[in-house]
Amino acid sequence: MNEVIQNILSRRSVRAFKEDQISDEDLNLILEAAKFAPSGMGKQEWHFTAIQNKEKIEQLVSAAKEVMQNSPIEQFKKMGSNPNFNPFYNAPTIIITAYEKNAPTKVSDCAVALENIFLAANSLNIGSCWIHILALAGDDPKVRSILTELGVPANYEVSGTAALGFNSKEASNAAPRKEGTVNIVK
Ligand SMILES: Cc1cc2nc3c(=O)[nH]c(=O)nc-3n(C[C@H](O)[C@H](O)[C@H](O)COP(=O)(O)O)c2cc1C
C-alpha cells in the first residue's frame, strides 16, 4: 500500500496528549498542508489561528465550558460542569479554522483544510482530534472576545478546531466501516 493511503487509513482521533510541544517546523508544515486544501472556486476564504500558549488555551477552555454548562443539552451541561473535563484534552497546540461568513463553500472549505491538518499531523507522528465546541460557542460574547484577541478576524466564524500533540495513550482501533455506504456504477 502506498504511504498516502497508509497515512489516511492509520489516522485516528487522539484524546490524550503529552505535555511536550510540537516543533515550529512541524507546525509550519501542518499549516502549509491546511492552506493547500481545495477550496470552492479556489477562493481560500479561511483563516487559521495556531495557539501554543497554555494560558490562552486555558481561557478558551473556561469560556467554552461555561457555554456548555448553560446548554439545554444535558450531556453538554454535565461535561461543562466536570472540573476534569478539558474539551481540547490538554493538547499543547490547537489550530482554530475559521471561514469568511459569506463565502459560498465555507463549511466544506474548512472541513477539507482540517482533514489536511489531521493527515499532515499523522504523517509526522503527531496526534490530532477535531474539536467542535468553538464552532457551537463562537457567538458567545466571552468566547468571541477571546477569539478576537487571538486574531480571528471579525467577519470570520469558527468551523472547528484541531487539537494537536504527541499521543500519551494509544488511540483506539478504527470502528468497523458501515456496510452499504458505497455504490459503484459501471
Ligand atoms: C465534524 C466533527 C466534529 C467532531 N467533534 C469532536 C469533538 O468535539 N470532540 C471529540 O473528541 N471528537 C470530535 N470529533 C472526532 C470524531 O469523534 C471521530 O472522528 C470519530 O469518532 C471517528 O474516529 P477516528 O477519527 O479515530 O476515525 C469530531 C469529528 C468530526 C468530523
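Is Ile57 buried or exposed at 7% relative accessibility? Ile57 counts as buried, a class defined by under 20% relative accessible area, against over 50% for exposed and values in between for partly exposed (1.4 Å probe, protein chains only).

This is a predicted model, in which local features need pLDDT of at least 70 and side-chain atom pairs count only at pLDDT 80 or more, while totals for chains, interfaces and linings use all residues. Residues are numbered from 1 along each chain as its sequence is written, and side-chain values use heavy atoms, with hydrogens and water left out.

**View A. Surroundings of the ligand.** The ligand is surrounded by Arg11, Arg12, Ser13, Arg15, Tyr89, Cys129, Trp130, Ile131 and His132; a residue belongs to this shell if one of its heavy atoms lies within 4 Å of the ligand. By class, the shell comprises four nonpolar, two polar and three charged residues. In this scheme Ala, Val, Leu, Ile, Met, Phe, Trp, Tyr, Cys and Pro are nonpolar, Asp, Glu, Lys and Arg are charged, and the others, Gly among them, are polar.

View B. A polar contact here is a pair of N or O atoms within 3.5 Å. An N or O atom in the side chain of Ser13 is 2.5 Å from an oxygen atom of the ligand, and a polar side-chain atom of Arg12 lies 2.9 Å from a ligand oxygen atom. From the backbone, a polar atom of Trp130 is 3.2 Å from a nitrogen atom of the ligand. Taken alone, the ligand exposes 630 Å², of which the protein buries 56% (Shrake-Rupley method, 1.4 Å probe).

View C. Strands are DSSP runs (E, at least two residues), numbered from the N terminus, and two of them pair if DSSP finds at least two bridges between them. Nine of the 10 residues of strand β4 (residues 156-165) are buried, so β4 is largely enclosed by the rest of the structure. Strand β2 (residues 93-100) runs antiparallel to β4 and is joined to it by eight bridges. Strand β3 (residues 127-131) also pairs with β4 in the antiparallel sense, over five bridges. Ala163 of β4 is the bridge partner of Ile94 and likewise of Cys129, a residue that also belongs to the ligand's surroundings.

**View D. Ile57 in helix α3.** Ile57 is placed in helix α3 (residues 54-69), where helices are DSSP runs of H or I with at least four residues. The C-alpha atoms of Ile57 and Ala111 are separated by 22 Å, the two residues being 54 residues apart along the chain.

Conventions
Polar contact = N/O pair within 3.5 Å; in protein donor to acceptor, adjacent residues only side chain to side chain.
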